[in-house]
Amino acid sequence: MRRMSVRVLPLLVLPAARATPWTAFLAAAGVGLAIVAVPAAFRVELGVDDLVGLLRAAAVCGALGLAFLLDDPAARTIATVPAPRPIRYAARAGVIIPAAVAWWAVILAVTGAGAGAALPLGGVTVEAAALACVALAVGAVRLRSSDAGGIVAAPAVLVLVVAASRIPPDLALYVPPGDDRWAAAHDRWAVLLAAAVAVAVWAVREPTRRRPAITAGRR
Amino acid sequence: MTAALAERPTAPAPLPGDPRRAMLALARVEAVRLPRHPAVIAGLLLFAAPEIYRWLTGQANRFPVLQDEDWSTQFLALLVLGGGVLIAANLAALRADRHATTGLYDTLVLTPPWRTGAFLLAVLPFAVLVAALIAVRIALLALLPGAAGRPDPAELAVHPAVVLLFGAAGVLLARLVRTVIVAPLLLLAAAVAVYAAALPSLPGRVRWLLPVALEQPPMPVPVALASRPSGWHLAYVAGLIALVAMAALAAAGARGRRLVVAGAAALAVAAGAGAAQFRPVSDAVRDARVTAAERPAEMQGCRSIGAVTYCAFGDFRSWTGDWDTVVRGVLRGVPAEVAGRPLVVRQRVSTEDRMVDGQVVTAEEQVAAAAEWQRIEPGAVTVGTRWGDGRSEMALAGLVAYRVVSGEAAPAHIPVCGARGVLVAWLAGQATPETAAGLRAVDATSWGGVPFGDMRFPVGFSVPDREMAAASALLRRPPGEVAATVARSWAELTAAGTSADRAGDLLGVAVPPLPPVEERTRCDG
């Protein structure tokens, strides 16, 4: 049964792409692109710090857009189809992740083209991935009990970003490039990323209610 | 029959009830819901919690400059308080759309424009709450014994004004676009724009067209020198609020002459006040700046404690006692006859930013700037307009120590090597616990040598790592014991030619060997 479900996965990708509400993501991706492209187009001289700041702002845009991509107004009506919930979400992820990666690659290319010095692209990408996964994870958790995950996930991302920029320096997440704490901060980002992935994986399971009394009776 | 049923009823019957009262009732309900929205609660926590944490852990600066404190939290208020309200007001105004109940509202007393008016009014009580929060914060800061200057009510009022503006923008967005993503994106774009407009590479005054004008002044200045057009900016933001509110009503379907008149008035206020912000700095402020730079004594009051005279700008007079504590601490370590010599500590400000990225200052320019600085009053020790951060204490202690040890005016950021370097660093570090903490903090983040004095002033010096190592070893010993040793060899230790090794012998501390030639500091001074 499970193997059959997995074989269904490629067939679900195209319908999932059609059913995904792209408007929010495209709007957010557009704003993110504008944030890095405007200074590049006007050839504003920016230092590594400022360019990393722009990349971080673009990453927040991306996460805001991704927060809405799991929303599905029809989710309740397809709860009974044979393809289980994790497979349906895997199909969604198969659409979302390539789109997000392609968008981020464009962002990095636009920013990197205007930069004089080498940018710490790896570190910023870890930050962006962590934010994106937090957005998806919060959205997925919210979707267990509701139809709209984005309206909780998007503010949650903003709160996380502001909180991350205000925590005491010894636990800082947003550190300037070249800082001694860069590596340690990115270890923390990686932990956040892993935790978000774990929560997301947990959240896509079918939200069934256990009824111990009945199960015990049937045994 | 069927045709009659399908026909849309034209001209709905006059609505019973007073829409004004119904609007106020809805506004009351929404005003109670708004501060309970998680985004608003998170915003309040993010605004207040870090500051409360700093006070509880003793990291807060107990010497706030009120004319800087009044506007320095504006960007944060925009981000967290304005952001929270923007999202909450947007979601509230979109609630009917999100729950697909728009049709049901057609049966109620309120038409969409009145409903929109209620959502706009619902932001007001939260703005009052923010105003109270800001007022309490600045009042608590002003009550501190170390508070300097006075806050500008217009700068304080910008905080609640930004909250109102973002709340109104949230309602307007809900009437224009029925997606919830737009509000967070607007917030992000606003934050990036405000931050980018503060970059020194951008033309100066564009930032005043944004809700919050973020600046990075080199240092706080006395109130008389301040050039932020705060009153006009508040009027500009007020005009924007009215304009956004009128736009929201119009987008909801409100029409009529009164709306057009109010919208035109709001536009006129916003445009007029927006343009007025760009008027050149007034002559009074420009004259005050010249006076403060060239004849600071005219704007200052002086106070003598023992042989030391402290001259401070009026706003900063409350700090002289704390300066004296540091100066006494330095003089405790020197022989009594040297400590009794007259000394002048004068507060200075520099309104031009000497720390602009990429600006290269040659050694000759540095010396010329220092000579120009000292010309005002040769021999006076410079103290700035910051205090309470450890580094300012350490800078004053260092400059006083240099003056006492060398008898010369402060140099142009050159290294002070040999016995003088060891002695000056020790005197500065042992003065008070704050100077010791400041010295440790600067030592931890500097390379090659420890700088004393604010880099935004043309005067200052640095002590190379080798001399600093000897001074650190001395600082670990009882200060009285070291002071006695210093007093015995004062003449030799303060002579310009005495080496660090000789100072080590005299004071009984190990001095690290000289580093390889390419890593040595050039000691011209």
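Biologist: How many residue pairs are in polar contact across the interface of chain A and chain B?

Modeller: The rule finds 1 such pair, with both residues at pLDDT 80 or more. Keep in mind that this is a predicted model.

Biologist: Which elements of chain A give two or more residues to the side that touches chain B?

Modeller: Those are α2 (22–41), α3 (48–67) and α6 (150–166) of chain A. The largest share comes from α6(A), with 8 residues.

Biologist: And by class, what does that side of chain A have?

Modeller: There are 20 nonpolar residues, 1 polar and 3 charged on the side of chain A that touches chain B.

Biologist: How many salt bridges does the rule find between the two chains?

Modeller: It finds 0 across the interface of chain A and chain B.

Biologist: How much area do chain A and chain B bury between them?

Modeller: About 1,800 Å², and 86% of that is on carbon and sulfur atoms. In residues, 24 of chain A are in contact with 21 of chain B.

Biologist: Switching to chain B. Which domains does the assignment give?

Modeller: Domain 1 covers 16–214, and domain 2 is made of 295–354 + 369–519. Their C-alpha centres lie 46 Å apart.

Biologist: How many residues does the contact take from each domain?

Modeller: It takes 9 from domain 1 of chain B and 9 from domain 2 of chain B. The two domains bury about 660 Å² between them, 53% of it on carbon and sulfur atoms.

Biologist: What about polar contacts there?

Modeller: Between domain 1 and domain 2 of chain B the count is 5 residue pairs, both residues at pLDDT 80 or more. On the domain 1 side, 5 residues are nonpolar, 4 are polar and none are charged.

Key:
Residues numbered from 1 in each chain as written. Chains lettered and ligands numbered in written order. Predicted model: local features only at pLDDT ≥ 70, side-chain atom pairs only at ≥ 80, totals over all residues. Heavy atoms only, no water. Contact = heavy atoms within 4.5 Å. Buried area = accessible area lost by both parts, 1.4 Å probe. Salt bridge = Lys/Arg side-chain N within 4 Å of Asp/Glu carboxyl O. Polar contact = N/O pair within 3.5 Å; in protein donor to acceptor, adjacent residues only side chain to side chain. Helix = DSSP H or I, 4+ residues; strand = E, 2+ residues; numbered from the N terminus. Nonpolar A, V, L, I, M, F, W, Y, C, P; charged D, E, K, R; others polar. Domains from an automatic or database assignment.
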